[in-house]
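Here is my note on this structure, for a reader who has not seen it before. Please keep the model open while going through the points.

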Amino acid sequence: MARGGWVYGGVWGVGLVLFGRAVYHVGGLDPWWGTAALRLGTIFVHALATGLFGVAWYYRSQRRDRGRFRSYVLASIGVHGLWNASTVGIIALG
């Protein structure tokens, strides 16, 4: 079921971002609060992007539907790309 792909993909994304944030902040806690506030959305975006990819994988592996697979993969890449672009924009403006 597509919902299973969504859940597994979302959990994978949350786990990746939490691990990445933990490794990033080992250097010190002084800038931690500001960075944590800026990056809170990262958890949700990664969960959404990998959730969409999980749904794509479901459609490819279970339904053999290449059209929906491509659509969900492109949506996943698009969501992540928009997030990265917005982050770069915020950093450039700051």
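1. Terms and basis. Helices (H or I, at least four residues) and strands (E, at least two) are DSSP runs, numbered from the N terminus. The model is predicted: local features need pLDDT of at least 70, side-chain atom pairs count only at pLDDT 80 or more, and totals for chains, interfaces and linings use all residues. Residues are numbered from 1 along each chain as its sequence is written, and side-chain values use heavy atoms, with hydrogens and water left out.

2. Overall make-up. The protein has three helices and zero strands. From the N terminus, its elements run α-α-α. Of its 94 residues, 28% are buried. Here buried means under 20% relative accessible area, exposed over 50%, and partly exposed in between (1.4 Å probe, protein chains only). The accessible surface (Shrake-Rupley method, 1.4 Å probe; for residues, only the protein chains shown count as cover) comes to about 6,600 Å². Carbon and sulfur atoms hold 70% of that surface.

3. Contacts along the chain. A contact means heavy atoms within 4.5 Å. Among contacts with a separation of 6 or more, 68% join residues 24 or more positions apart. Tyr58 and Gly5 are 53 residues apart in sequence, yet their C-alpha atoms are 5.8 Å apart in space. Tyr58 is buried, at 11% relative accessible area.

4. The surface patch. Trp6, Val7, Tyr8, Val11 and Leu48 form a nonpolar patch with about 520 Å² of accessible area together. Patches are made of residues with over 30% relative accessible area and no salt bridge; like charges are joined within 9 Å, and nonpolar side chains (Val, Leu, Ile, Met, Phe, Trp, Tyr) within 5 Å. Helix α1 (residues 2-24) gives the most, with four residues. Tyr8 is found in α1. Tyr8 counts as exposed because its relative accessibility is 66%.

5. Arg64 sits in the loop between α2 (32-61) and α3. Its phi is positive, about 55 degrees, although Arg64 is not a glycine. Arg64 is exposed, with a relative accessible area of 60%.

6. The start of α3. A side-chain oxygen of Asp65 reaches to within 3.2 Å of the backbone nitrogen of Gly67. That is a polar contact: a pair of N or O atoms within 3.5 Å; within protein, one must be able to donate a hydrogen and the other to accept it, and residues adjacent in sequence count only if both atoms are side-chain atoms. Asp65 also forms a salt bridge with Arg68, the closest N and O atoms being 3.8 Å apart. A salt bridge is a side-chain nitrogen of Lys or Arg within 4 Å of a carboxyl oxygen of Asp or Glu. Side chains of opposite charge can pair when their charged atoms come close. A search of the whole structure finds one salt bridge. Asp65 is partly exposed at 27%, and Arg68 is partly exposed at 43%.

7. Helix α3 itself. Residues 66-93 make up this helix of 28 residues. From first C-alpha to last, α3 reaches 40 Å, close to the 40 Å expected. The expected span is 1.5 Å times one less than the number of residues. Phe69, Val73, Ser76, Trp83 and Thr87 are buried in α3.

8. A closer look at Ser76. What does the side chain of Ser76 reach? It reaches the backbone oxygen of Ala49, at 2.7 Å. Ser76 touches Ala49, Thr50, Leu52 and Phe53, not counting residues up to four places away in sequence. Ser76 is buried, with a relative accessible area of 8%.
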